[in-house]
Amino acid sequence: MTLAESEQAILAFALVHSPDERSANLRAVIRNSPDAFADQRHGLIASEIRELILSRETVCPSAVEQALQRRGLLERAGGASYLANLPDPLPEAAAEFEAETVWQSYQARRLRRLNQDVHEEAEKSPHRVLELIRRQISCLEELILPEQDSAQQLRVLDARRFDGGKRPPPLRPIYSVGDAPIATPGNISVIAAQVKAGKSAFLEAMMAAAVVPGTGIADTLGVVSSNPMGGAIVHLDTEQAPDDHWMLVDRMRRRAKLEGVPTHFRSVCLTGLPAIECRKLLPVEMDFAAEAHGGIHSVFVDGFGDLVADINDAAECNAFVAELHALAIKHDCPIIGVLHMNPGTEKTRGHLGSQLERKAETNLQLAKTEEVVEVFSTKQRRAPILRGKGPRFAWDATEGMHLSSSRPAHLSALARKVQPYLDEVFPEPAGKSYSGLKVTLMRVAAVAEKTAERWIREALIQALIEKGPGGIYTRGVCEK
């Protein structure tokens, strides 16, 4: 058969047989429509077949024709006569053979497109070329490795099915800030901040909390942890030069009051390596660490953005975050990573930042104001760490490291405008509703409604006021 005839044979089979009768190659081709078909008409028909399957509707020529008609695609798909004149369906084994031909042709076209992209990108961006080569390898693997059969898929589902008689072990906070767990086994946590806002310092403090030989001995910037079993602590530095990397680890040692770096603390400087290589080295190091130390306590990546070639490539970033999650589950440990924020905003960079924000159990933010860094988090699965109530730290020149600070972060210019009026706004300890707060602020400060609303937003961010149960506003932690 020609390729066009093979594609027609697949469609003829799919139009008269139920989905559970299709074997691996047939499922793969229909699932990837319209790309899997060289003929655009066949791709459009296959897309409608797939949509009917997904919506659990009857698959038949008339249903496909009506669906194409509704979408205005019937003529582009060859028209009603083309659908009516498809060949008689082959036996399933023969249809599966033709589907393999179509599937391999599809992958070959993908490889040709990727090869063309590699040549076009070769002189523009070497890192982009490496990512395209990684996709070529993935494409080859799909060609070589058969899709899981239904029995294999059922075993995967059964292994993960809810069982009321098998309750998971209680939550194990690996790292906490106060009473708030910020990292637990099988999960991802993110530390995000602007450039030079103390991300590496907080990472260093977390690692020190896991190696310090007792509680209350060291200043770990409000982070609490323990590692009684001596599980491996893995640290990958992808951002700092070798000298800065060495200094960070040495500060971690000094912070933990240790004479030397523990053997179960494994730190590697990968700065300068391509993203694809760093990404491959992470699971390798985790496997070695788990074998050498009987398991992994926690993993730190400084920073996540250096393990992808393009932080805005949705396919690459989604796959990377899924890999991180799988590694955390496999080794029963948290993976904590650093991520930069877009300048002047509270949004982490690119699609990678968005995907991590959705998938991470904790999204810690660090905000630096006049050398005081404040830690908070409102986007996490468990108790939030509200702004104004989290740890604060600042650089100490004598100790040569960041230390905890009792000073509140300095107020922004807008917050300083609000502060003088708070005594009049809150003459008594009793709080106010939002409308009452706004009206009172408008009166005592002689400002317009929009200005009062903007001042209230800023006062909340700067913890001059806080919102309590029932939507009642009171003086904030920085004012008490």
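Trainee: What share of the chain's contacts with a separation of 6 or more comes from residues 24 or more positions apart?
Mentor: Such residues account for 64% of them, a contact being heavy atoms within 4.5 Å. This is a predicted model, where local features need pLDDT of at least 70 and side-chain atom pairs count only at pLDDT 80 or more, while totals for chains, interfaces and linings use all residues. Residues are numbered from 1 along each chain as its sequence is written, and side-chain values use heavy atoms, with hydrogens and water left out.

Trainee: How many helices and strands are in the chain?
Mentor: The chain has 17 helices and 14 strands, taken as DSSP runs numbered from the N terminus (helices H or I, at least four residues; strands E, at least two).

Trainee: And what percentage of the residues is buried?
Mentor: Of the 480 residues, 46% are buried, meaning under 20% relative accessible area with a 1.4 Å probe, protein chains only.

Trainee: Switching to the sheet with E1: what is the strand order?
Mentor: E2-E1-E4, an open sheet of three strands with antiparallel pairing; strands pair if DSSP finds at least two bridges between them.

Trainee: How many bridges join E1 and E4?
Mentor: Three, with E1 covering residues 175-177. Valine 177 is opposite valine 223 in E4.

Trainee: Which helix lies across those strands?
Mentor: H9, residues 199-211, lies across E1, E2 and E4 and runs at about 30° to E4. Axes are lines fitted to C-alpha atoms, for helices over the stretch in contact, with angles from 0 to 180 degrees between N-to-C directions.

Technical notes
Buried means under 20% relative accessible area, exposed over 50%, partly exposed in between (1.4 Å probe, protein chains only).
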